[in-house]
Amino acid sequence: MESNFHTHTERCLHAYGKERDYAEYAADIKMKILGFSDHAPFPDKDYGLRMQFGELGDYIGEINRLKAEMQGSLTLYSGLEIEYIPKYIDYYKKLYDEYGLDYLILGEHMYASRHGSLRNIYFAETTEDYIDYARNVQEGAASGFFSMIAHPDLMFLNEFPWDKNCEKACDIILLAAEKYDLPLEFNINGVRKGKRMFPDGMRFPYPHEKFWRQLSGSKQKVMLGCDCHTPEQLNDSAVGESEKICRELRLNIINNLFEEEK
């Protein structure tokens, strides 16, 4: 891989390594671009397993120092992975205008359910929850704040058979990505977790083959995302395996969120 825009640091409390550790490792393996996207804090509530709000300024400041230091050998970008929650519209804007972030990726974990509550897709109760999840992703894509949709098929880590709700949720997300011209991330961390038996067969928890086969040979932009939680995961065996899968699926892989592919 010559680029990665999905990178976590120890600040999120479930990863290892500082910003410098990732940048130096990326330079050592001759990557061209590294984007940091640690799990974003929210200003009024700690939703857990994410950076503390008080660290946000230090995080961006350190990336900016590394940008200057490594100029010419590695291009760095400052970003965050964050959920779309409508009440935080002003906060998303502030992250760009006041904090100077380069990008946000839409990494939906929490989502607004049809019951009016905020839920976590890791604990879906039925595949109907997938529809709520997909509609949240759709609204986030429409907001204009995001440069990529991370792990768009994360919902399939749950233990449910494939049904019409699965198909509908996929359609909602795929149409949103097309309409708003957002790359979809083929998430390498799901491959890293390995295959196991689900009600719909032996597979990765995500990426789900049925989701990605719908894009085979299409022009929809896809970005490989390491979703790395240690520096070494920028170049582990799951990276090569994911690249192979994407070639076999004939996905339209891009390498840079900010420049048109040549």
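## Aromatic rings

Phe42, Tyr47, Phe53, Tyr88 and Tyr91 are joined into a cluster by ring pairs. Rings of Phe, Tyr and Trp (its six-membered ring) count as a pair when their centres lie within 6.5 Å, with planes under 30 degrees apart called stacked, over 60 edge-to-face and the rest tilted. A quick word on ground rules: this is a predicted model, where local features need pLDDT of at least 70, side-chain atom pairs count only at pLDDT 80 or more, and totals for chains, interfaces and linings use all residues. Residues are numbered from 1 along each chain as its sequence is written, and side-chain values use heavy atoms, leaving out hydrogens and water.

Searching the whole structure turns up 21 aromatic pairs. Strands here are DSSP runs of E, at least two residues, and helices are runs of H or I, at least four, all numbered from the N terminus. Tyrosine 103 is buried at 0% relative accessible area, while phenylalanine 258 is partly exposed at 33%. (Buried is under 20%, exposed over 50%, partly exposed in between, using a 1.4 Å probe and protein chains only.)

## Charges over rings

Lysine 195 has its charged end over the ring of phenylalanine 204, 5.3 Å from the centre. Arginine 203 lies over the face of phenylalanine 198, 3.8 Å from the ring centre. The test is NZ of Lys or CZ of Arg within 6 Å of the ring centre and within 35 degrees of the ring normal.

## The second largest pocket

Lys195 and Phe204 turn up again here: along with Pro207, Glu209 and Ile245, they are the closest to the centre of the second largest pocket, out of 16 lining residues. A pocket is an open set of points on a 1 Å grid over the protein atoms alone, where a 1.4 Å probe fits, with protein on both sides within 12 Å along at least five of seven lines; lining residues have an atom within 4 Å of a point.

Strand 10 (201–203), helix 7 (209–213) and helix 8 (237–249) each give at least two residues to that lining.

## Aspartate 97

Aspartate 97 sits in helix 3 (residues 89–97) and is exposed, with 51% relative accessible area.
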